[in-house]
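Student: Before we look at the model together, could you show me how to read its side-chain contacts, taking each idea in general terms and then in this case?

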Amino acid sequence: MNKIPKNIRMTAQFILGVVVILAGLTMLFMGIWMPPLGIIDSSLLVAFGEAATFSGALIGVDYNYKYRMYIAENKDKGDEN
């Protein structure tokens, strides 16, 4: 069904997690430091930043367990990489 190799999917998931966390943190800091211009309220920026940071953390936790399973599967096969 999935023709993308598992290590490529895991790398993409890791990169996605890092990008989402950085985007969330950026939005959090923008909500703190930007003056209220009337265009985007800081509470909206903070809410999105918290949601993006939490999503990135969930992706990271999922990646961590998938990585551990990947290593365990490869040790069972005798592959040390």
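Tutor: Rings of Phe, Tyr and Trp (its six-membered ring) count as a pair if their centres lie within 6.5 Å, and the pair is called stacked when the planes are under 30 degrees apart, edge-to-face when they are over 60, and tilted for the rest. By that rule, the structure holds two aromatic pairs. Bear in mind that this is a predicted model, in which local features need pLDDT of at least 70 and side-chain atom pairs count only at pLDDT 80 or more, while totals for chains, interfaces and linings use all residues. Residues are numbered from 1 along each chain as its sequence is written, and side-chain values use heavy atoms, with hydrogens and water left out.

Student: Why is the pair of phenylalanine 14 and tyrosine 63 called tilted?

Tutor: The ring centres of phenylalanine 14 and tyrosine 63 are 5.1 Å apart and their planes stand at 45 degrees, so the pair is tilted. This pair links distant parts of the chain, since phenylalanine 14 belongs to helix H1 (residues 6-33) and tyrosine 63 to helix H2 (residues 42-77), 49 residues apart; helices here are DSSP runs (H or I, at least four residues), numbered from the N terminus.

Student: What kind of pair do tyrosine 63 and tyrosine 67 form?

Tutor: Tyrosine 63 and tyrosine 67 are stacked, at 6.1 Å centre to centre with 20 degrees between the planes. Both residues lie in helix H2, four residues apart, which is about one turn of the helix. Taken together, Phe14, Tyr63 and Tyr67 form one aromatic cluster.

Student: How many salt bridges does the structure hold?

Tutor: Side chains of opposite charge can pair when their charged atoms come close. A salt bridge is defined as a side-chain nitrogen of Lys or Arg within 4 Å of a carboxyl oxygen of Asp or Glu, and the structure holds one. Aspartate 62 forms this bridge with lysine 66, the closest N and O atoms being 3.4 Å apart. Both partners, aspartate 62 and lysine 66, lie in helix H2, four residues apart, about one turn of the helix. Aspartate 62 is partly exposed at 34% relative accessible area, and lysine 66 is partly exposed at 35%.

Definitions and conventions: Helix = DSSP H or I, 4+ residues; strand = E, 2+ residues; numbered from the N terminus. Buried < 20%, exposed > 50% of the residue type's maximum accessible area, 1.4 Å probe, protein only.
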